[in-house]
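Here are my notes on the model you sent over.

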Amino acid sequence: MTRSAWCVVAAALLGLGAVSPAAASAPAWEPPTSAQLSAAVSTAHSPRALSYARTNLRRPGRPDPTGITVADTGIPAYTLAPDFVRDGTGPTALLQYVAVVARTADGRTSTIQAAPSTAGRPDSGWRVDSVLSGDDETQLARQLHPGTVLLDEPQINGWYELGATGVRLLRASLPQSPVGAFVPLPDYQRQVHDRYADKQAVKPARATATHPTLWPWWLLGAAIIVACAGLGLRAGRPHRDPPPR
């Protein structure tokens, strides 16, 4: 094998395992497994969750709610991922909570929010810290197409249908795009970056150190190719023998 060929092989080997952020592709969201979803719904049936629901379902001048029924199913609700807002890397959305409806016999409804113990991590267990009036998530979920999820943008009190390639606004108090219009993910990322990037928490140092460790390998590989090309040119020049004395 010639010297140039060895150089090319070495540069290629140096590039193995180094994936540029732009080339890396992440799913728009990570759905909970069936077991995780079931665990979230079970948490919504806990005494703590029922106590929250009972408090939420009270109405002035009406008797305390009795006979509260909690649904056996839940709807995953997602929120924007900070990295997606900052620079468009990673998934678009993180799991925020699983919405489980509680209902009284006289028709009052509330939604128990079973949230991951660690934000965005459905494998970390579940907790219930809040219950909101109504069953918005259940109603909005009826507008979803197969293979899409609910995405919350709380800053505009907005709800989107999030798909693999874009979002569709379902409802918002301050609509930033027409309700029902499809917005491709790159365009949506630019929108939320302009609106919220400066409001995101500082990216953890450990995370920021991940990508910079990759690019120097590419630079080193490129430097080797350039150096080898130079050596190849020198090697290809004709040699001139010294004149006989």
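1. Let's start with Asn 56. This is a predicted model, and in it Asn 56 has a relative accessible area of 17%. The cut-off for buried is under 20%, so Asn 56 counts as buried. Asn 56 sits in helix H3, which runs over residues 47-57. What does Asn 56 touch, leaving aside its neighbours within four places in sequence? The contacts are Ser 110, Val 131, Leu 132 and Ser 133.

2. Now the overall picture. The protein has eight helices and nine strands. Of its 245 residues, 36% count as buried. The accessible surface is about 14,500 Å², and carbon and sulfur atoms account for 61% of that. If you take contacts between residues at least 6 apart in sequence, 55% of them join residues at least 24 apart.

3. Helix H2 (residues 34-44) is worth a look down its axis. Gln 36, Ala 40, Val 41, Thr 43 and Ala 44 are its buried residues. They span an arc of only 155 degrees around the axis, so they sit on the same side of H2. Ser 34 and Ala 35, on the other side of H2, are exposed. What lies over the buried residues of H2? The cover includes H3, along with strands E1 (69-70), E3 (93-103), E4 (109-118) and E5 (121-133).

4. Helix H6 (residues 185-196) passes a simple length check. Buried in H6 are Leu 185, Tyr 188, Gln 189, Val 192, Arg 195 and Tyr 196. Those buried residues fall within an arc of 135 degrees as seen down the axis, so they line one face of H6.

5. As for what covers that face, the buried residues of H6 have strands E2 (75-80), E6 (149-153), E7 (158-162), E8 (166-171) and E9 (182-184) among their cover. Helix H4 (82-87) is also part of it.

6. On to the nonpolar packing. In soluble globular proteins, nonpolar side chains tend to be buried together. Here the largest nonpolar core has 39 residues, and those with the most contacts inside it are Leu 80, Ile 112, Leu 151, Leu 162, Val 167 and Tyr 188. Strand E3 gives the largest share of this core, five residues. A second, separate core has nine residues, including Tyr 97, Ala 99, Leu 150 and Leu 170.

7. Apart from neighbours within four places in sequence, Leu 162 is in contact with Ala 28, Trp 29, Thr 92, Ala 93, Thr 148, Val 149, Leu 151, Val 167 and Leu 185.

8. How many aromatic pairs does the structure hold? There are three. Ring pairs join Phe 84, Tyr 160 and Tyr 188 into a cluster.

9. Last, check the backbone at Asn 157. Most residues other than glycine have a negative phi. Asn 157 has a positive one, near 50 degrees. Where is Asn 157? Asn 157 lies in the loop between E6 and E7, and at 44% relative accessibility it counts as partly exposed.

Technical notes
Residues numbered from 1 in each chain as written. Predicted model: local features only at pLDDT ≥ 70, side-chain atom pairs only at ≥ 80, totals over all residues. Heavy atoms only, no water. Buried < 20%, exposed > 50% of the residue type's maximum accessible area, 1.4 Å probe, protein only. Helix = DSSP H or I, 4+ residues; strand = E, 2+ residues; numbered from the N terminus. Arc of directions from axis to C-beta. Contact = heavy atoms within 4.5 Å. Areas by Shrake-Rupley, 256 points an atom, 1.4 Å probe, with all protein chains shown as cover. Phe/Tyr/Trp six-rings, centres within 6.5 Å; stacked < 30°, edge-to-face > 60°. Core = buried A, V, L, I, M, F, W, Y, C linked by side-chain atoms within 4.5 Å.
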